[in-house]
Amino acid sequence: MAAIEAATPRFRRALRRMRLALRTLGSRRSEKRGLPLLATHLMGALGGLLATGHAHAVELAEDRADLMLHSFDGGGVNAWGPALLVRKNLLNKVSLFGTYYADIVSNASIDVVTTASPYHETRNEYGVGVDYAVRDSLITLAGLYSTEPDYIATAFNIDVSQDTFGGMTTVSLGYTYGSDDVGKVGEGFFSNAKHWRYRLGVTQILSPRWYANMNFEVVSDDGYLGSPYRMALVFGAAVPERLPPTRTSRTVQFRVVGEVAPALAVRGEYRYFWDTWNITAHTFGVGAATRFGEKWLVDAYARGYRQDGALFYSDNATSETLYVTRNRQLSNYTSWVLGTKATYALMRVPGRYEIFLNGAVEYWKTDYSDFTDLRTGSLYSYNATVLQLFVSAIF
Amino acid sequence: MKSFPHNLWAMLRSASLGLFTAAALGACAMPEPWVKPYERERLADPVMKVQRDPLSAKHFEHVHEVREASRGGTGVQGGGCGCN
């Protein structure tokens, strides 16, 4: 992926030089002394375009700043808040980045209204990191700290991506270690959980208009993995849920992206998930992206998700077992998502900066196969809307 | 003259072995990159990039991951929400 991503800023810079050369051609047509300068600009531009290919080295991501307002509204939950990303390149060798993300949650979900009381809370997440580019490799070190009244998470990750095979193949490896403190409002922090994530990704250019991508990730957890608030039903009686203290999952995803007409790209993807709690899940996705005129770029996509629940999930258990949960996140269900995203180029100052306005919306429909709404006695389902509005400055 | 067919057979066998070795080595040789760098302009177009905006991708990853049992494998860096 780095090869494809690195090509973007390099091409943009080369094209800027080409535009500058053409402008110079217009303004200096009548000046004899303009010719050497023009020749210099044109040679620079051509050199830039050729260098896009031959001088193969990974480029750092562009400097940028993003400010976003996001919201999720559905199933009795409203979560919204601001998010911020700033990225700055230093000495063309390293790129520093920082993120801030807030979730302001009002929760009156089906679990909460049937077994507890609605609540409000805020989660703040802070992230810092650095990308280091050396020859065909990009090394990323990052840390993340997230805090809520009853949950504190700390994570550290390292990712390395390497371009190979003439830049046609990018191989990436990643590792994350996370440590969480788990608490309960009114009782304080009483337990912890640790997480290990191992990632492998391969992106392969197939043709001048198509590429494919494969990602594989293993996640292992150890510790308190449930919720101290959540209740299960056993013979109709509410009991605290009991979850195994360990879990290991594997996920593999395949994606193909191609340009089928000028400035019209399509994509298809499939993801398979399985874990030691006997959960399996299939995710299918299709999408398209196109440009309208000089200023608009629009995406549209659909996503289907089917999950088979955990071995110890039960809507209302009819036998005593060591582990039991009624967490609908671990149940059997199907979910459909329709989404769209639009980007508008608000301002472009060639060679200096670009400002984009972005809006994205997802509409969800989720139907549970074995989770009963205790208020009505029928199977539970909900609709949700996810919204993002953000401004991006690339400089 | 008696040894001629024998020598011919040995020569054919040597030639066959040589051809087989050459073919085997040829088959094992690494293929050349078939999409040249100057042919990758279309791949660099923003419409070809699935996750153009990291902040947006991270938020969508987060809202899915906290509501589904499945996690990871999407290639979103820093994915995983670190929350309950």
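Student: How many helices and strands are there in chain A?

Tutor: In this predicted model, chain A has three helices and 18 strands, whereas chain B has two helices and zero strands.

Student: Why is A:Glu241 called buried?

Tutor: A residue counts as buried if 20 or more other C-beta atoms lie within 10 Å of its own, and A:Glu241 has 21 other C-beta atoms within 10 Å, so the residue is buried. A:Glu241 lies in the loop between β11 (237-240) and β12 (246-261) of chain A.

Student: Which residues does A:Glu241 touch, not counting those up to four places away in sequence?

Tutor: The partners are A:Gly226, A:Arg230, A:Met231, A:Ala232, A:Val324, A:Thr325, A:Arg326 and A:Asn327. The C-alpha atom of A:Val202, by contrast, is separated by 39 Å from that of A:Glu241, the two residues being 39 apart along the chain.

Student: What makes β10 and β11 of chain A a pair of strands?

Tutor: Two strands pair if at least two bridges are found between them, and four bridges join β10 (residues 231-234) to β11(A) in an antiparallel arrangement, so by that criterion the two strands are paired. One of the bridges has A:Val234 with A:Ala237 as its partner in β11(A). The two strands form a hairpin with two residues between them, and A:Phe235 in the turn has a positive phi of about 50°.

Student: Which residues make up the largest nonpolar core, and what makes it a core?

Tutor: The core has 11 residues in all, with A:Met168, A:Ile205, A:Tyr211, A:Val257, A:Ala265, A:Ala289 and A:Leu297 from chain A, and B:Leu43, B:Val47, B:Met48 and B:Val50 from chain B. A nonpolar core requires buried residues of nonpolar kinds joined through C-beta atoms within 7 Å, and these residues form such a set. Leaving aside neighbours within four places in sequence, A:Ile205 is in contact with A:Met168, A:Tyr211, B:Val35, B:Arg40 and B:Leu43. A second, separate core of nine residues includes A:Ala310, A:Tyr313, A:Leu330 and B:Ala69.

Student: How many residues does each chain bring to the contact between chains A and B?

Tutor: Chain A brings 74 residues and chain B brings 37, and the residues on the chain B side divide into 15 nonpolar, 12 polar and 10 charged.

Student: What share of each chain counts as buried?

Tutor: Of the 395 residues of chain A, 32% count as buried, while in chain B, with 84 residues, the buried share is 38%.

Conventions. Residues are numbered from 1 along each chain as its sequence is written. Chains are lettered from A and ligands numbered from 1 in the order in which they are written. This is a predicted model: local features need pLDDT of at least 70, side-chain atom pairs count only at pLDDT 80 or more; totals for chains, interfaces and linings use all residues. A residue is buried if 20 or more other C-beta atoms lie within 10 Å of its own, exposed if 12 or fewer, and partly exposed in between; C-beta atoms are placed from the backbone. Two residues are in contact if their C-beta atoms, placed from the backbone, lie within 7 Å. Ala, Val, Leu, Ile, Met, Phe, Trp, Tyr, Cys and Pro count as nonpolar, Asp, Glu, Lys and Arg as charged, and the others, Gly among them, as polar.
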